[in-house]
Amino acid sequence: MDLGGINPVILIATLMASAVPILMAALGETVVERAGVLNLGVEGMMVIGALGGFVVAVETGSPVLGFFGGAVAGAALSLIFALLTQVFLANQVATGLALTLFGLGVSSLGGQGYNGVKPPPTTQLLPDALADLPVVGPILFGHDWVVYFSILMTAVLWWMLKFTRVGLIIRAVGESHEAAHALGYKVNRIRLACIAFGGAMAGMGGAYVSLARVPQWVDGITAGAGWIALAIVVFASWKPWRVLIGAYLFGGITVLQLNLQVAGSVIPVEYLSMAPYLITILVLVIMSAGRKANGAPAALGQNFHASR
Amino acid sequence: MTRPELLRVEGITKAYPGVVANSDVTFSIGEGEIHALLGENGAGKSTMVKMIYGLIRPDSGAMTLHEAAYQPGKPAEARRLGVAMVFQHFSLFEALNVAENVALGMENPPPMRELAARIRAVSEEYGLPLDPSRMVGDLSAGERQRVEIIRCLLQDPKLLIMDEPTSVLTPQEVEILFRTLRQLSSEGTAILYISHKLEEIKSLCDEATILRRGKVVATCTPRERTAREMAELMVGQALKTPERRTVAKGEVALGVSDLSVESPIAFGTALKGVSFTVAIGEVLGIAGVAGNGQDELLLALSGELKAAADKVRIAGQAVGDLGPTDRRKAGLVAAPEDRYGHAAAPDMSLVENAFLTAGVRKGLTKRGFVDWAGARKFAEEIIAAYDVRTPGPDVAARALSGGNLQKFLMGRELMQGASVIVINQPTWGVDAAAAAQIRQSILDRAGEGAAVVVISQDLDELLEVSDSFAVLNEGRLTKPRSTEGLTMDEIGLMMGGAHGMEVAHHAEA
Amino acid sequence: MLRLEKRPTPSKFWLYATPPVAVILTMIAGGILFAAMGKNPFEVIRTIFWDPVFGEFAFYLRGQLLVKAGPLILIAIGLALGFRAGIWNIGAEGQYIMGAIFGAGVGLAVFPTESRWIFPVMIVAGAFGGWAWAMIPAILKTRFNTNEILVSLMLVYVAETILAKASTGFLKNPEGMGFPGSRNFSSYPAAQNGFLSDTLGLHWGGVAALVTAVLAYILLTRHQAGFQIKLAGQAPRAARFHGVNPARLVVMCMGISGALAGMAGLFEVTGPAGQISIDFNTGYGFTAIIVAFLGRLNPLGIVLAGFLMALTYVGGEMASTNLGLPDAAIQVFQGMLLFFLLAVDVLTNYRFRLWVGGASLGAK
């Protein structure tokens, strides 16, 4: 079954994998923003995670440890953001930008000497017998463990935010930090934990780029994925399952665009490669238009200082 | 009446840089007692109750609860020991529903479905009807207060603290609240009732502790004292009521006809067909419980919200489609309620804040360039005329106390020689002396021929200053009528009564 | 326990002391970083901060400072106006590229005509290119309430692809023997942005940067528009109450910053860079964000910050050639500078107090 040289089954299977980095990062950012914090440093945390994951995986030979390393690296970088915004009350927008600039610099500094190295492969989780089934095989069973993990995280976060006390407290802090403080919740500590979680998720997403998608180390390897993750959070109205849909749509566009390039489309390569960014803008416009409050947490981007 | 002692506060002192909020405060509350903490704005009532509720810690002094040392480190600890609090500015989350809001205030909330059932049960028992699944942002101020009260009641408190609970209620709703509080008291729950409204305290409270400038000046039984005696204890001086010059009503200066606008505020109230006129020399008082369209009305009059041109007329000129700058040119000035961030930019100096609205009418711009020397002069004039306590015009607005900043902002609008003046909450959070001064200035400006609209939630204030009276209720304005001969009951009915609450209490009675 | 306490009035002292303190802290932290990389930290710091101004090759390097500082200052001033108003244009890099493409495109279109009007027209075209690119997020924001941060940033990636297409396609030098890149402006005098003074490193871009700084300073301190920009950033509701039209402010701030970034791009491509090539842009649009904050969003402060940042570029190159310090280390260094600045900045509006047993001991 081929459509203009593109097999839809392969397309779906590939988009699920290609969406993992932005899905993970966007899920993490969803939690951060639900707690009322706007961390624009996702790109920086992803690229640090990409490097951290790569280095750990190469040095230990274990890709699983690599993903863990990516998460730790992303969380560590996010703690700088947490320190600046939650303790020193620095402007969240400026700090987030600084985090991205810093992360790109650190990763390119730390990545010297890893160019051209091959990481240990992250392989298919389930036996070939399942993955080789027609149609459903590649889509449902042909993935590595991180793809399943990212879907699991979507479900877990949805459940956590909607049904658990922790989720309720996170949402409360994001809606009104004054009211939460008046009830005795430690606003800044809760936010700090959310920021670290967001950092770990972004770091893991970044590690998936360098360990599974590319897989090698290149400077600036995430190429704007962090910014797209931020856009997807808006697209998703801060809801985990919609984040998954947004990430898959975006993954689909990316894969399709690459396939078109390979298939030798009439559209010049350059215009195809700007398509994901243009489509992101288009989606942002559609999602923001004509609505005053599109479900954004009311305290998003505001710092909290308990006076009196 | 001898009741077993529940809470004792002994020699509590709390200081902030520059102010001593509480100094050596001592009082005690018995079980089931309704105890008033009475004092002006800034007398230290809120600081005191925040210490009892564990939000802040005293610098020195001690508290005992049931004769055991009581030092709550955080509100959760206070709640566990049976102390609950209903805040003046609600600690509610608009985008969450009633049950979720209640759950956030509890230590170990039951599962949501069970919690919803308990909310229904308690709300019926105490005559406070509430639907657990409704979004709090969609509730009226009175209903929001019920959420807070029920949140407290679900934890079987021994002591319930209520901070200025009636400021958001209609007179009828106040009666119902008092019935609930008396019922609680008879069941053995003590209530610490914070207020500056003397009549309420006389009718409700068993004992009263009066605070002035952070110190206890008297403890008394309110029923045995006159309101005037308590007022003088509270304020420390005799107050004079504002004088008014009677002016013959002139021509219509401000005309609003069938004005409807959507609210730009999240969970705000749209204005629906608002019509009224104000004549030269007239003060129109607009009452209503918070959240019934007051902010929107101010925005629509100041020009921040635009409508069709003929909906708003200043001296006959259609200005409905003009912005704030053009409306100021046409002679209208406005003073919003929120001082920090709306009426004033907190981080800017008084000079810059003076320029903020006075630039147009005071001619402080020339070809787009700002005349800062002129703005400074105007700021200094306001400071002198309104007795604003500040080191000078260059300090940031946020450095002034609420009352002082309010005087400055009132002065800024009242001293521009405008023909139409619109003020939302002229004396909110201001001490009695300053409030009296502000009301006097409003009356003086009307006497000089300005048309004034005063929007306020303080009925006493409105009855004191206004010639005619109307009520905003869910975005609709009642037909204005003369203030003379108006009774509280009539006002209560204009305010929409008790929003269907009588039913609950009658059913139970 | 240390606790933060809000100051009643912002501290004038810390407003001015913050940047130098941040620079010193960055030097210390950077020194530790360089030491960890096996370099002598004192030597590296001296190479970066001292040698370009006073060292052996200072006669040449001093000129390089203005060459680097010019575009940074020009872009940062535009950004600062927006940041002050709470309008976050972070896509200056894209506007810089588009300005270069538009301006250079006009020049290349009339090649090899000689007229003294060509260069001024190119400047206008460059400013227009940047302005037009910035109008996309501005209009999407005012019409559809779309987040300008994300849109302006996405447009950087789009601009980079257009640049790639320009240097390999529509602006490619027909006599370039198949190599990517446009004609070099050094061989086209009418369209060239040559040095007005070699020793100072002054070209028209430097002139524009310094003039813009003075004009922006006057705008912010004396003009009503400057007041409105500050007001909108500090208290948006008070700004509407004053009479500011938020949409018009967005269009104005985005427009100014876009036009300035576009002009910077044109000056760069016709001067120091010489031609449109796939990577003529060196991230000035992003570094300018640091410059804007380091200069406290104040035009005169930005001039100083621009020179400081230029120093890290010029000195960084020296450290790279002489001491083998990787370029990325400089990027990290610049990032740290912004972090420290943001952290120390808290002292402008807050002070630390030492609390012992619930009582405040008081401290600066």
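Modeller: Residues are numbered from 1 along each chain as its sequence is written, and chains are lettered from A and ligands numbered from 1 in the order in which they are written.

Colleague: What pLDDT does chain B average, and where does pLDDT stay under 50?

Modeller: pLDDT is the predictor's confidence in each residue, from 0 to 100. Where pLDDT is low, the predicted coordinates should not be read in detail. Chain B averages 87, and 94% of its residues score at least 70. Residues 500-509 of chain B stay under 50, and the model has 11 contacts for them beyond four places in sequence. Two residues are in contact if their C-beta atoms, placed from the backbone, lie within 7 Å.

Colleague: How is the overall form of chain C to be read, and what is its radius of gyration?

Modeller: The radius of gyration is taken over C-alpha atoms, and the globule rule is 2.2 Å times the number of residues to the power 0.38. For 364 residues a compact globule would have a value near 21 Å, and the 22 Å of chain C agrees with this. Along the principal axes, the C-alpha atoms of chain C fill a box of roughly 80 × 55 × 30 Å. Chain C has 15 helices and three strands; helices (H or I, at least four residues) and strands (E, at least two) are DSSP runs, numbered from the N terminus. Of the contacts in chain C with a separation of 6 or more, 78% are between residues 24 or more positions apart.

Colleague: What share of chain C is buried?

Modeller: A residue is buried if 20 or more other C-beta atoms lie within 10 Å of its own, exposed if 12 or fewer, and partly exposed in between, with C-beta atoms placed from the backbone. In chain C, 55% of the 364 residues count as buried.

Colleague: Which peptide bond is cis, and which residues other than glycine have a positive phi?

Modeller: Most residues other than glycine have a negative phi, and most peptide bonds are trans. A cis peptide bond joins C:Phe111 and C:Pro112, with omega about 0 degrees. C:Pro112 is in the loop between helix 5 (92-109) and helix 6 (118-144) of chain C. A:Ala223 has a positive phi, near 45 degrees, and is found in the loop between helix 11 (187-213) and helix 12 (225-235) of chain A. B:Arg213 has a positive phi of about 45 degrees and is placed in the loop between strand 9 (207-212) and strand 10 (215-220) of chain B. A:Ala223 is partly exposed, because 15 other C-beta atoms lie within 10 Å; B:Arg213 is partly exposed, with 17.

Colleague: With which strands does strand 3 of chain B pair?

Modeller: Two strands pair if DSSP finds at least two bridges between them. Strand 3 (residues 34-39) runs parallel to strand 8 (residues 190-195) of chain B, joined by five bridges, and B:Ile34 stands opposite B:Ile191. Strand 3 also pairs in the parallel sense with strand 9 of chain B over five bridges, where B:Gly39 has B:Leu211 as its bridge partner. Six of the six residues of strand 3 are buried.

Colleague: Which residues touch the most other members of the largest nonpolar core?

Modeller: A nonpolar core is a set of buried Ala, Val, Leu, Ile, Met, Phe, Trp, Tyr and Cys residues joined through C-beta atoms within 7 Å. The largest has 391 residues, and B:Ile161 is among those that touch the most other members. Leaving aside residues up to four places away in sequence, the residues that B:Ile161 touches include B:Val49, B:Ile52 and B:Leu192.

Colleague: How many residues does the contact between chain C and chain A take from each?

Modeller: The contact takes 37 residues from chain C and 37 residues from chain A. Helix 14 of chain C gives the most to its side, with 11 residues. Towards chain B, 19 residues of chain C are in contact with 27 residues of chain B. Helix 9 (224-234) and helix 10 (236-242) of chain C each supply at least two residues of that side of chain C.

Key: Predicted model: local features only at pLDDT ≥ 70, side-chain atom pairs only at ≥ 80, totals over all residues.
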